[in-house]
Amino acid sequence: MNLIRTLILFFAMTWLAPLAYAGSQVVQVPTQKVCMITNMVFPSPQIPVKIGTKTYYGCCENCQHTLNNDPKSREAIDPVSGKKVDKALAVIGADANGKVYYFQSLENLKKFKN
């Protein structure tokens, strides 16, 4: 039985894993599940940080402090257009490894996926 499990695991790691990685795409994720300082996606909503009429999200007190006090921390660069985007207004995508990307529009996210 252990031999069968070993063979299945070997097959999955050598054949299926590379196929899954090759097909992975950036998918839209809910804004409130992203820490906008660590740029990581979490399974649950993060701590809201209201600045003016906008809401940013952080995972801890340090991230809240940074968002409140460093305006540059609230900006990102859209990887498609190369333009600055406000994280609170951005369409946010993440890849299979959890890397977060901020886009000006859903259209740019879709372009990035292709």
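In this predicted model, Leu89 is found in the loop that connects strand S7 (84-86) with strand S8 (91-94). With a relative accessible area of 59%, Leu89 is exposed. Although Leu89 and Tyr56 are 33 residues apart along the chain, their C-alpha atoms are separated by 9.1 Å.

S8 is paired with strand S1 (residues 27-28), to which it runs antiparallel and is joined by two bridges. Here Val27 is the residue that stands opposite Ala94 of S8. S8 also pairs with S9, again in the antiparallel sense, over four bridges. Ala94 takes part in this pairing too, with Val100 as its bridge partner in S9. The hairpin formed by S8 and S9 has five residues between the strands, and Gly98 in this hairpin adopts a positive phi near 90 degrees.

A pair of aromatic rings is described by how far apart the centres are and by the angle of the planes. Searching the whole structure gives three aromatic pairs. In one of them, the ring centres of Tyr101 and Phe112 are 4.8 Å apart and the planes are at 50 degrees, so this pair is tilted. Because Tyr101 belongs to strand S9 (residues 100-103) and Phe112 to helix H3 (residues 106-113), the pair ties together parts that are eleven residues apart in sequence. The two partners fall into separate accessibility classes: Tyr101, at 15% relative accessibility, counts as buried, while Phe112, at 28%, counts as partly exposed.

Phe112 has a further ring partner in Phe103. The centres of these two rings are 5.5 Å apart and their planes are at 55 degrees, so the Phe103 and Phe112 pair is tilted. Phe103 counts as buried, its relative accessibility being 0%. Taken together, ring pairs link Tyr101, Phe103 and Phe112 into a cluster.

Notes:
Residues are numbered from 1 along each chain as its sequence is written. This is a predicted model: local features need pLDDT of at least 70, side-chain atom pairs count only at pLDDT 80 or more; totals for chains, interfaces and linings use all residues. Side-chain values use heavy atoms; hydrogens and water are left out. Rings of Phe, Tyr and Trp (its six-membered ring) pair if their centres lie within 6.5 Å; planes under 30 degrees apart count as stacked, over 60 as edge-to-face and the rest as tilted. Buried means under 20% relative accessible area, exposed over 50%, partly exposed in between (1.4 Å probe, protein chains only). Two strands pair if DSSP finds at least two bridges between them.
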